[in-house]
Amino acid sequence: MRSEDSITGEAVEKLYSRLRRDARAGGYNLNPDEAFTKGLVEGLLINEARYGYWACPCRLADGERALDLDIICPCDYRDPDLVDWGACYCALYVSDAVRDGAQDLAPIPDRRPPEEDREAVAASHDEELVGFTRSGIPVWRCKVCGYLCARTRPPLKCPICKADQDRFERFM
Amino acid sequence: MPDVRSHIEGTHGDVKVLLYALSTCIWCRKARQLLEDESVTFDCVYVDLLDPDERKASRKHIRQFSDRTSFPAIIFDDSDCIVGYKPEKIKERLGI
């Protein structure tokens, strides 16, 4: 793990280019305000150096991966926020309308439940598990992009958005 | 890494201003820049750089005024708070 003081402009450029390429390939857009976006990319690299993962730069991370899973970029809330607000919480990702200047970019409320409600929200999801597949094989859902697959265990990486295995939840 | 806590002296000091921010957050950076550009006297605390106990205390302080711990959170005169980067509201509250 690198020290956060040793993050170079070159590292920021490299990750920025990679994220932009991946975003386009997946039908997403990075915020076209390059200086703003590179500032967020630097925040991701700082958090990677601090915690070992890309915790959202605009949220207070706990530092324990299991407690921060939902805010690892791209966070669980990106897609619904893009639909409702035209941007994700930190505004790294924006909708086509915001990219094209047809919609203004503004700070948005955090969709993440407050810390005291997070356990209850997770428990209510477990209670929702009522379906069964005929074969008994579970269905897993990628919490980042919504990809579903029927396997005994979730894949190591989401084949659609490349999110890690621990971003999957049991769906059926 | 920026200083965990800093005091910035400006020409507008009538209102006690405390900015809770994250050192990695661009919206927090904008909020700090606004206060500096408007020459406001304020204190800034980077909550992500605090040790765990202090972090807890800061979260508790913010929650006295807001139903969630989001950043930037600016507390005015220890009585009210604006959460999120809302430049017009911030300027209105400060009368500038």
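Which residue in strand 4 of chain A is the bridge partner of A:V139? In this predicted model, that partner is A:A150.

**The sheet of chain A**

Strand 3 of chain A, residues 139-142, pairs with strand 4 of chain A through 3 bridges in the antiparallel sense. In general, the strands of a sheet are paired by backbone hydrogen bonds, in either a parallel or an antiparallel manner. Here, 3 strands of chain A make up an open sheet, ordered 4-3-5, with antiparallel pairing. Strand 4 (148-150) and strand 5 (168-170) of chain A each have a single partner strand and stand at the edges, so one side of each lacks a neighbour in the sheet. On average, neighbouring strands of this sheet are turned by 30° against each other, direction ignored.

**The nonpolar cores**

The largest nonpolar core comprises 55 residues, and among those with the most contacts inside it are A:C88, B:L19 and B:F71.

Helix 1 of chain B provides the largest share, 6 residues. A second, separate core has 6 residues, including A:W140 and A:C142.

**The contact between the chains**

In total, 17 residues of chain B are in contact with 14 residues of chain A. On the chain B side, the touching residues comprise 8 nonpolar, 4 polar and 5 charged.

How values were computed:
Residues numbered from 1 in each chain as written. Chains lettered and ligands numbered in written order. Predicted model: local features only at pLDDT ≥ 70, side-chain atom pairs only at ≥ 80, totals over all residues. Contact = placed C-beta atoms within 7 Å. Nonpolar A, V, L, I, M, F, W, Y, C, P; charged D, E, K, R; others polar. Core = buried A, V, L, I, M, F, W, Y, C linked by C-beta atoms within 7 Å. Buried ≥ 20, exposed ≤ 12 C-beta atoms within 10 Å, placed from the backbone. Helix = DSSP H or I, 4+ residues; strand = E, 2+ residues; numbered from the N terminus. Pairing = 2+ DSSP bridges. Axes fitted to C-alpha atoms, helices over the stretch in contact; angles between N-to-C directions.
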